[in-house]
Amino acid sequence: MRFVISLVLSLAIAASFSFDSLRLAEAAAKIKTYPNCTALNKDYPGGVARSSSVKNKGGKTKYKPYVSKALYDANQRLDRDKDGIACER
C-alpha cells in the first residue's frame, strides 16, 4: 500500500513539473517580435510599455499602451525616443 501511495505522489509531482515547464514554454512562445511599428500597432494600437509607471516623452498620445516587460524587451529596438514605450501613438 505504501508503494502505491508513493508511486501516485511521485507521478503527481512529476506531472506538476511538466505542466509548469509547458506553461513557461507556452508563455515564451507568445512573445512576438515585430519588424516595424506598423505591424506592432495592428496588435497593440497604443504601443507596448515596459511598465505602467513610464511616461511618454513625445507628448499626448491617442491610445493607452499595453504594458508587458517581456514584449517590450523583445521589441525594444522599436522605441525610438527611449522612453520605455515602443511604437506609441
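The accessible surface of the protein, calculated by the Shrake-Rupley method with a 1.4 Å probe, comes to about 6,700 Å², and 62% of that area belongs to carbon and sulfur atoms. This is a predicted model, in which local features need pLDDT of at least 70 and side-chain atom pairs count only at pLDDT 80 or more, while totals for chains, interfaces and linings use all residues. Residues are numbered from 1 along each chain as its sequence is written, and side-chain values use heavy atoms, with hydrogens and water left out.

The protein has 3 helices and 3 strands, taken as DSSP runs (H or I of at least four residues for helices, E of at least two for strands, numbered from the N terminus). From the N terminus on, these elements follow the order α-α-β-β-α-β. Of the 89 residues, 21% count as buried, a term that stands for under 20% relative accessible area, with exposed meaning over 50% and partly exposed lying in between (1.4 Å probe, protein chains only). Among contacts (heavy atoms within 4.5 Å) with a separation of 6 or more, 56% come from residues 24 or more positions apart.

Threonine 33 lies in the loop between α1 (2-30) and α2 (37-43). With residues up to four places away in sequence not counted, threonine 33 touches Ala74 and Asn75. Further values for this residue are tabulated here.

| Item | Value |
|---|---|
| Threonine 33, relative accessible area | 52% (exposed) |
| Threonine 33 to glutamine 76, sequence separation | 43 residues |
| Threonine 33 to glutamine 76, C-alpha to C-alpha | 9.4 Å |
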